[in-house]
Amino acid sequence: MENALILAGVDGSQNSLLAAGVAARMAALIGARLGLVHVLDEPVLGYWGGLHERMAEGVRAEAERTLADVARRVQDVCGMTPEIFIETGLPEDAIPRVVTREPSVAMVIVGRHGLEGERRARPLHPRTGHVATYLASHLSVPVTCVPPDVAASQICEAIEQLRSGV
């Protein structure tokens, strides 16, 4: 499986960081590469006076900072350099595009709930978020859904340090 790619969805939520940690641990265990994908939540308003472009640049810059931080931690602690994918659109459309474009993707790992799920006081689907459910039913590769209370033994130490605030 050394050419296989384990792809983790990272949207900046705590649960997505845990998913990246599980993906890093899985990749290390099976000798696969690690990929981190972030789907940009581009602003849909402000098309006048260049406002849309400036807002989109800000969203992209924040995504790049988030992915760079996770990648640096994984590199420093777990000894692997993740491949970075930044896509636009809806996660349920963008992640399958990456899987189609990258035939070495062997598994997709996502958090049970992403950033939107964390913002809600009570998630709409208490067991699984809609993106995880959609991916599991539409992708031709296994999809692992990581709960927010995953055991530390399942996570790359770099991400466990993020969770514990180190």
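D69 forms a salt bridge with R73, with the closest N and O atoms 3.6 Å apart. A salt bridge here means a side-chain nitrogen of Lys or Arg within 4 Å of a carboxyl oxygen of Asp or Glu. Side chains of opposite charge can pair when their charged atoms come close.

Before going on, a word on the model. It is predicted: local features need pLDDT of at least 70, side-chain atom pairs count only at pLDDT 80 or more, and totals for chains, interfaces and linings use all residues. Residues are numbered from 1 along each chain as its sequence is written, and side-chain values use heavy atoms, leaving out hydrogens and water.

Back to D69. D69 and R73 sit four residues apart in helix α2, so about one helical turn separates them. D69 also meets R72 in a salt bridge, at 2.6 Å from N to O. D69, R72, R73 and D76 are linked in a network of salt bridges.

Which of these residues counts as buried? R73 does, at 17% relative accessibility. Buried means under 20% relative accessible area, exposed over 50%, partly exposed in between, with a 1.4 Å probe and protein chains only. D69 is partly exposed at 27%, and R72 is partly exposed at 43%.

Another salt bridge joins E87 and R101, at 2.6 Å between the closest N and O atoms. This pair links distant parts of the chain: E87 is in strand β3, R101 in helix α3, 14 residues apart.

Now the fold. The protein chain has six helices and five strands. Both are DSSP runs, numbered from the N terminus: helices are H or I, at least four residues, and strands are E, at least two. The five strands form an open, parallel sheet in the order β3-β2-β1-β4-β5. Two strands pair if DSSP finds at least two bridges between them. β3 and β5 stand at the edges, each with a single partner strand, so one side of each has no neighbour in the sheet.

Five bridges join β1 to β2. G9 stands opposite V37 in β2. Helix α1 packs on the sheet and touches β1, β2, β4 and β5. Contact means heavy atoms within 4.5 Å.

Last, confidence. pLDDT is the predictor's confidence in each residue, from 0 to 100. The protein chain averages 82. Where is confidence lowest? In helix α4, residues 115-119, at a mean of 50, while β1 is highest at 97.

Notes: Axes fitted to C-alpha atoms, helices over the stretch in contact; angles between N-to-C directions.
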